[in-house]
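Open your viewer, switch to a cartoon view and keep the sequence panel handy.

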Amino acid sequence: MGAPVEAKSYQPSIGSNARTEQVDALGVAIVVDGDRNGRVVGTLLNTESRRHALTGATVKSDGVPLRSALLADVVLLPPGEPVNLAHEAPVSVPADQLSVGSFVELTLDVTDGELVQMLVPVEAKRGPYADLDVVAVS
């Protein structure tokens, strides 16, 4: 037997994963602040060799579409570089119809018409998200 392998720090992912031909969405969740505001978090990875961007997002809860908004024009997705949505301009979601612990349908719009569709958990603004800036939808 060889030398023992050193244990690395492990941070479990809270959110859901989805993979498309252009973009992988990893650890995606919606964090709500208790004041009817929510924010999409997670990591997006452009798996192609050309640039893409996140251009919009839609949330459905119980089949009812909720408006969501990117506060910047787009979130750029450079080839092969993970983009952490918690560190980018917020993707804000009205959360008055979202319950912590539930799952909702999230559709992310990426350039070239690619849609990333997934069920994501609704998480409270605590634990790893305690310091997250959740911004109201304007």
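**The whole chain**

Colour by secondary structure and read along the sequence: the pattern is β-β-β-β-β-β-β-β-β-β-β. That comes to 11 strands and 0 helices, where strands are DSSP runs of E of at least two residues, helices are H or I runs of at least four, and both are numbered from the N terminus. Before going further, please note that this is a predicted model, in which local features need pLDDT of at least 70 and side-chain atom pairs count only at pLDDT 80 or more, while totals for chains, interfaces and linings use all residues. Residues are numbered from 1 along each chain as its sequence is written, and side-chain values use heavy atoms, with hydrogens and water left out.

Now show the surface. The protein exposes about 7800 Å², of which carbon and sulfur atoms supply 48%; accessible areas come from the Shrake-Rupley method with a 1.4 Å probe, and for residues only the protein chains shown count as cover. Of the 138 residues, 43% are buried. Buried means under 20% relative accessible area, exposed means over 50%, and partly exposed is in between (1.4 Å probe, protein chains only).

Contacts (heavy atoms within 4.5 Å) also say something about the fold. Among those with a separation of 6 or more, 64% join residues 24 or more positions apart.

**Into the core**

Hide the surface and select Leu 98 and Leu 106. In the largest nonpolar core, which has 28 residues, these two touch the most other members. A nonpolar core here is a set of buried Ala, Val, Leu, Ile, Met, Phe, Trp, Tyr and Cys residues joined through side-chain atoms within 4.5 Å. Next, colour the strands that each supply at least two residues of this core: S2 (23-32), S3 (37-46), S4 (52-61), S7 (75-77), S9 (91-94), S10 (103-110) and S11 (114-124). S2 gives the largest share, 5 residues.

Which residues does Leu 98 contact, leaving aside its neighbours within four places in sequence? Select Ile 30, Val 32, Val 59, Ser 61, Leu 66, Val 93, Val 104 and Val 122 to see them. Apart from this core lies another, of 6 residues, including Val 31, Val 41, Tyr 129 and Leu 132.

**The second largest pocket**

S2 and S3 are the elements that give two or more residues to the lining, and S3 gives the most, with 3.

Gly 34 is in the loop between S2 and S3, and is exposed at 69% relative accessible area. Its C-alpha lies 9.5 Å from that of Val 100, 66 residues away in sequence. Arg 36 is in the loop between S2 and S3 and is exposed too, at 62%. Check its phi: the angle is near 70°, a positive value in a residue other than glycine.

Step on to Asn 37 in S3, which is buried at 16% relative accessibility. Beyond its neighbours within four places in sequence, Asn 37 contacts Val 31, Val 32, Val 93, Ala 95, Val 134, Val 135, Ala 136 and Val 137.

Is Arg 39 buried or exposed? Arg 39, in S3, is buried, at 3% relative accessibility.

Select Thr 20, in the loop between S1 (16-19) and S2. Leaving aside neighbours within four places, Thr 20 contacts Thr 47, Glu 114, Leu 115 and Val 116.

Finish at Pro 78, in the loop between S7 and S8 (82-84). Pro 78 is buried at 14% relative accessibility, and its contacts beyond four places in sequence are Asn 46, Arg 51 and Val 83.
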